[in-house]
Each structure stands twice: as structure tokens, then as C-alpha cells.
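Biologist: Please take a close look at the charged side-chain pairs in this model. Then place them among the other local features.

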Amino acid sequence: MSGKYTWKLIITAAVMIWAVLNLNPISTTPFEDYLRQEATTSPAFEAVMLKAKQRLDAKEAPSFYVALKQVAEADATDLSQFFPQVNLEKSLQNIRKKNSILLDHLLKQSQARLRKGLDLSGGISFLLEVDRPAGVADATQQQADLDKAIEIIGERIDGLGVSEPIIRPVGEDRIEVQIAGVNTRDNPEVVNELKKPARLEFRLVDMVNRPDPNNPSEVPIGYELLVLNAERGANSYEEELFVKRVPEMTGEAVERAFVYRNDYGQAEVGLRFTSKGGDRFGEVTRKIVDEHGRGRGRLAIVLDGKLYSAPTVNDAITGGNAQITGSFTDREAFELANVLNNPLDVPLRVVSMSEVGPSLAADSVSSGWKAFIIGTSITAAFIIVYYTSAGLLAVLAMGVNVVIILGAMASDLVGATLSMPGIAGIVLTLGMSVDSNILIFERLREEVAAGKNLRAALDAAHEKAFSAIFDANITTLITAVLMWTYGTGPVKGFGVTLTIGIFSTMFAALIVTRLLLELIVHTGVVKKIKMFQAMPETNIDFLKYARPAFIASFAIVAVGVAVVLFKGDKIYGIDFAGGDEVTLSFAGKPLDVAQVRAAASQVGVTDINPAMQKALGTGAEVMKVVTPYDQGDKVVMKLKELYPDAGLKVEGEERIGGSVSSQIKWNAMAAIGLSLVGILIYVAFRFEIGYGIGAVVSTLHDLLMTIGVFVAFGNQFNAAMVGAILLIAGYSINDTIVVFDRIREELQLNPNMKLRDVINHSLNRTLARTVITGGTTFCTAITLYVVAGGAVNDIAFTLIIGIITGTFSSLFIASPIFYWWHKGDRKHVEESHDIAPKYEWTAGSKAAE
């Protein structure tokens, strides 16, 4: 086998193995069952498991995980002896820490690698309240504290991974948080970690007066007695110190906290100070050395009143860095760094905690998967029928693409969640990824028509399609990376998923599909690739219709913008604007989510979020229904009318804020704005400034028209719509760049052709690809719209509009803008861009020989 095939096969196999391993296990195994599968069985192991089971049955622990940890700690049992295959740090001797690390690892391994979102699997919900003395702050300050707390909670959750949480204000001083795929039975500390104030203080240790446990003495004035928990080998011990109450400096001097490993491989937390903070830390440590001498004075590091470490100071520390040492597990170190990077200004207390069920009914989930299957099947069937054997190979590459996307989402590197909007995004990403294969296949058709043999035509098709595929994906990548970097919540999650899709799509098209095509063509298995041609070659004067199309299109945009301005805040659904949260209990059989949605639609309430919740501790099950403001009573009355046997009772009603904060909205707008600037710069660098102007104007046109039409049809924006609008931006620029790439090529190949003729010729040459790509994606969007419901239905409707406007703008907006920018003069283009003609017989390509 040729070396050119071998390396592609190796890379493809390696990536697929990596993706499959990331997806394994696909489903979660009960923790007790998983332990029995993995452990080296022995009477001692069975005895420990029995004690844990008895503790769980006696309700002395919330889960088997916690029960086993309690039993091992009480009996000082080293659980690692039963799991020799798990490699733990050799320097770790403390049994409690070793068991904690081991059980955290085993719990993670027992769970499905691909996490599902709240809408698919549910999670936990807890209500936090700002804990402040009455009358301390006025209403303005209270709102500021609440907004700041919501922002910090969101940043801390983002620091734990992309999990698409719901975070919203409830009333004037409460915050509701819902996190997918987490439960407090196996991870009881999760809420405490999120609500820690993280008040970091650096204090002096009294080196003259020492606490004596055998002869207790009075605490010196201005000091307090704190206890330092430390380890020596396998043993733990406590050290009492008198620590000054007033800190020398606080966490405000810390610029960033991060996790690193010391010489023994143990996790510690590093601190990088601000410029002023570094200077102050140098002064404090110098003062300690001057007063007590080298290696005799100590500095206490206190977090939320707990003494974490009290290192000895040998010299003045002026490098602007410090460390917090302690017996940290990896999880504890990362959580500590997370809260230090996002300190809360006000303390929070837990009001209630509950398990929350999936926000989508089983039939909605089923319809979503059905839409996934149907949409993908439609795309695959068209490609196979239209491009025959080449299409079949492209479909196989699409399968590889799906596995890579899901595997990357499940990997430790990304850790993204799969939600219903995410499923819709994958379906549509696959629909658009077909574009890369269509570009190659249409080029292959042209090269064969030009008289080349199949092998030379295939090589030339890939070479000529590469620049369009590369530039189109890079411009979309700019948008995705900016969403990932600057976005939060659904914006950031969308950016992560889109980034994965871009790389996997390029890999599938440029490596996998090409490998399969080369194997069947170069080895002589296939002598001819048959392709249908639904569209004959056209010779449309697009620029002739550009001006009236431009005027009509932007008139529609203006009307849409006017509608948006006229409706104002009414365009926002409950995810943005908030609403009423009604808590319902059931004397009879509980209703399901689908029944509530159907009843609400009968009274004209379509924007509704119902979810079952079970209170932790009592086990009481209720349903929380979120509706637009002042619509909750209407829905409840209809439910009581339709389901009298359910015994509905209203337990409470709250006015809640939006789960999509103003910060998320502004971050989304900032991401779009920055991406447009980035696209302009990239396209100007790779092409020429006129192309960049055309790309940015057409993208803005598509976004504004999509939003305007969406609102004009009476729809409202919810959290999922943020991702849909961002997807339109990526789709629009992708289509435009393909056209621009062809214009650039035709300018080189036709040095004597007028600019107008070059643009029209390029648009006609790419028309088949534009229609086919738009058509397959359009069919997928239609499938989503017809089959799925709820948020997915809104996304599909938005994408239908976006696909139509994106196709239109690539023909009648982007290219005419480029033409008008250069005043219709080819020489104006040549002055600002190197487009010297490059004839095929001098291209230096083997494919051209």
C-alpha cells in the first residue's frame, strides 16, 4: 500500500479510536455494581461493601458512594488495596485522602462519558439566599449584590466545565440554580463549593505566644486561635496557632489562582499577585524576616475563616507569586482555585435543594431523535442518489464526523453537554458539512468535463476546492472561538460545539473522504464516478438584478428592525424576561410535562417551562411551572379543569428573573461584533479589503433579516435562540466565502475578462453548489420544524429563514458590494490585491499535467 494512503489510514484510525474511547461507557452503571466489576474480590472487600449497604439501608447516608466513604473512614480501611489497577500517587499516604481520590475516580468512570443537559436528563436544583443583616443595604445595593452573585455563580460553574446551567433571580434576594448531570447524593459538597464567599486573607502568626494544649492560656489581644490540619506520612495531625485577626492583605491583591503539582506530585494552589499586590506581599514577608529572622516567622493563609497553611518565611518574597499548600485532592485544589478566581462579595445560604426532572417530555425527546434520524437520512439519501459511489463514501465520512463530534464533546478536554438544541445543532452541522464534499464533487465534475482522467481529476478537484473549504471554515472558526472565549452559558456552549464541528468536518472531508475516494480510484476499483446534474449550466446576469434586489432586501430588513423596536421587551421569552414560577403538588396521579404543555397551549401560553422536582430529604414531589408574567393562574385553572383527578394544589408562586442574564446577551453581541471584525481582517488578509466589506455587510444583512422575520411572525427569543442566531452568522459567512474564493480564482484564470463578467461567471459556476448545499440544509431544517417541538421548533424556524437569506445574500448582497466597492473596475481590484493570472499549464501541479 502506498505511503500516502498509510498515513491517512493511521490518522483516521487513531482519531476514531480516541473518539470511541471517549464515548465509553455510553450509559451509567450503578456505582455499587461498577465497584464489584472493577474490584479484586475478597472477604475483606465484601465486608466493607456489606457495611456500606447496611448504612445506606438505614438511611445513614444519602448514597452508596457516601456510605462507602464513611465506612472506610470509620474503620481506617485503605480501599486502594481492592483496586490495584488504579494508579495513585505513591507519595500519598493519608488513607482518607487516598480513598477520596480513588472513589472520585471510580465514580467518574462509572458514569456515562457524554453528559446530557437538563432538558434530557434533569439534575439538581437549589435555592440560594443572600445572607445579609436586615437594613444594611438599600434596594439599589441589594440588586447590585444579587446581580454580582449571579455572575460569580455562573463563572464558578463555567470553571467546572460547560454544563449549560440555569441561573436566575427569584424575588429580591434569592437565586435559583439548576445543574445538569449532577446530584448531591454522590457529590454533597457541590453546593457548598459554589456558594463559598472565598474571603482570602494573609495574616501574621504570633511567634512569641504559642498555644499549649496541656496548659491552655489566654488568647493574646488582637489574635484568635486557629487550627491547622496537616499530614505527616500516613497520619494526620492538628497544630494550634495564634493568628492575628486583622489581615495584612486580602484576596483583592490576587490576580489569578491556578493548580500546579509540587515535587512530590501533589496538587497545590498557586497565586499570582497584581502589581500592587506583589509589592505588598514583598513588604509583608520582609517585615516577618526582619522581626523574627530567616526561617523563624510564619504567614497564615486563611480562607473563609479556615487556616489552610502557615508556611515559614525564609526571605522576602518579591516575585509576585505565592502558594497555598495543603493535603488537597485534585478536585479540592481545582475547586479552591475556582472560588479564589471568582470570590463572592456577600455570603449565601441554602434555602432548599431538590432533584429536577427533564424539562422535556419523553415524547419531545423521542421526536428530537426522530428528527435527527430523518434529517440525517434525507441528507445521506440525496448525496448517495446524486453523487452515487462518491456520495456513498461521503456518507461514510459523515458517520465518522458524528462519532468525532460526540467523542470530542465527551472528552475530558471539552466536557460539553448534549441537549436538545445541541442535537439540532449536530443535525444542521452535518447538513452544512455536506458543503465541503459538494465543493469537491462539483470540482471533480468540472475537471472530468475538461477531459482529464479520473485520477488526475480527483487530485485537481481536491487542490482547487481546498482553499474554499479552508477559508470558509476558518472564518466560521473565528466566530466560534470568540463565542468560546467571550461567551458564557449557552453562548459559550454553542462556541465549543461549533468549534468541534468545524475541525471534525474538515477532517472528515479532507482526510477521510479523500482517502476513501483515492482507494477506489487509484487502485482501479472504480473507473468512472457517475453524477447526476439536476441543474444545467446557467448564464444569469446576477449583477443586473443586484440593485433592485439590494433595495428590496434592505427594505425588508428595515421593516423587521422597526417591528423589533416597536415590540421592545415583548420579543423576549421567559428565558430572557423572567416570569411566574408556580409550584404545584398532587393529591392524585402527577401530571407529566407533555400534559402541562398541551393544556397551556389551549389557553394561548406557548412559552412555558414545566419540570418535576423532588425535595432532598423529604422526598416530596412537586412540579414547578414557569410561565410569562401573570399567565400562571390561567394555566393552573386550565389544568384543574382538564385533570380534576390529579388533585392539584398551588403550594407557592414566585416572580423570577430570566435565566439568560444581560451579561450573556451583551457577551453574545460582543462575540458577534468581534467576529465580524475578525472576519473583515482575515478576509482582507487572505483576499482583499473589498471582499471583507462584502462579507461583513452580507452577514449583518442575514442576521438582521432573520431576527426581523422571526419576530414579525410573533415568535419570542429564548435561550436556545441565542445559539440559532449565532449559527446563522456562521452559515452566512461560509456560503459567502465559497463564492469569493471562486471570484478570486476566475480573476487569475481570466486576465482579460471584465470584473462584472468575472463575478457573474463565478456566481453561475458555483450556483449548483449553492442550491444543493442550501437545499439539503433546508430539508433538514424543515424536518426539524415539522417533527420536533418546543425550543427545537423555534431553532428550525430560524434556520429556515437564515438559509434562505444566506443563499440570497451570497448572490445579491456580498458580490455586488464587492463590485460596487471597486466601482466595477478590475484595475481597482488589481491595485489592492495580487491576482496575477496563473495559467493551468504553469501551475506546477501534478493534477494539471
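Modeller: I start with the salt bridges and then move on to helices, strands, loops and a surface patch.

This is a predicted model, in which local features need pLDDT of at least 70 and side-chain atom pairs count only at pLDDT 80 or more, while totals for chains, interfaces and linings use all residues. Residues are numbered from 1 along each chain as its sequence is written, and side-chain values use heavy atoms, with hydrogens and water left out.

The structure holds 30 salt bridges. A salt bridge here is a side-chain nitrogen of Lys or Arg within 4 Å of a carboxyl oxygen of Asp or Glu. Side chains of opposite charge can pair when their charged atoms come close.

Take E446 and R742. Their side chains meet in a salt bridge at 3.0 Å, N to O. This pair links distant parts of the chain: E446 sits in helix α12 (residues 420–449), R742 in helix α21 (residues 719–749), and 296 residues separate them. Helices are DSSP runs of H or I with at least four residues, strands are runs of E with at least two, and both are numbered from the N terminus. E446 and R742 are both buried. Buried means under 20% relative accessible area, exposed means over 50%, and partly exposed is in between (1.4 Å probe, protein chains only).

Next, E447. Its side chain meets that of K464 in a salt bridge, again 3.0 Å from N to O. E447 is in helix α12 and K464 in helix α13 (residues 454–486), 17 residues apart. The two ends differ in cover. E447 counts as buried because its relative accessibility is 5%. K464 is partly exposed because its relative accessible area is 26%.

Now a pair inside one helix. E518 and R514 form a salt bridge at 2.9 Å, N to O. They lie four residues apart in helix α14 (residues 490–522), so about one helical turn separates them. An α-helix has 3.6 residues a turn, so residues three or four places apart point the same way. Both E518 and R514 are buried. They also belong to a network of salt bridges with K8 and D459.

Helix faces come next. In α3, the buried residues include F45, V48, M49 and A52. They cover an arc of only 95° around the axis, so they sit on the same side of α3. The arc is that of the directions from the helix axis to the C-beta atoms. In helix α17 (residues 593–602), V593, V596, A599 and A600 are buried. They fall within an arc of 130°, so they line one face of α17. G604 follows α17 with a positive phi near 80°.

D75 is found in helix α4 (residues 64–75). It counts as partly exposed because its relative accessibility is 39%.

On to strands. β9 (residues 254–261) and β10 (residues 267–273) pair in the antiparallel sense over seven bridges. Two strands pair if DSSP finds at least two bridges between them. R261 has A267 of β10 as its bridge partner. Five residues lie between the two strands of this hairpin, and G265 there takes a positive phi near 80°. Elsewhere, strand β17 (residues 579–586) runs antiparallel to β19, joined by five bridges. T583 is partnered with K624 in β19. Strand β19 (residues 621–627) is mostly covered, with six of its seven residues buried.

Some backbone angles stand apart. Most residues other than glycine have a negative phi, and most peptide bonds are trans. D630 is not a glycine, yet has a positive phi of about 65°. D630 lies in the loop between β19 and α18 (632–642). K823, also not a glycine, has a positive phi of about 60°. K823 is in the loop between α25 (814–821) and α26 (826–832). N24 and P25 are joined by a cis peptide bond, with omega about 5°. P25 is found in the loop between α1 (3–23) and α2 (31–38).
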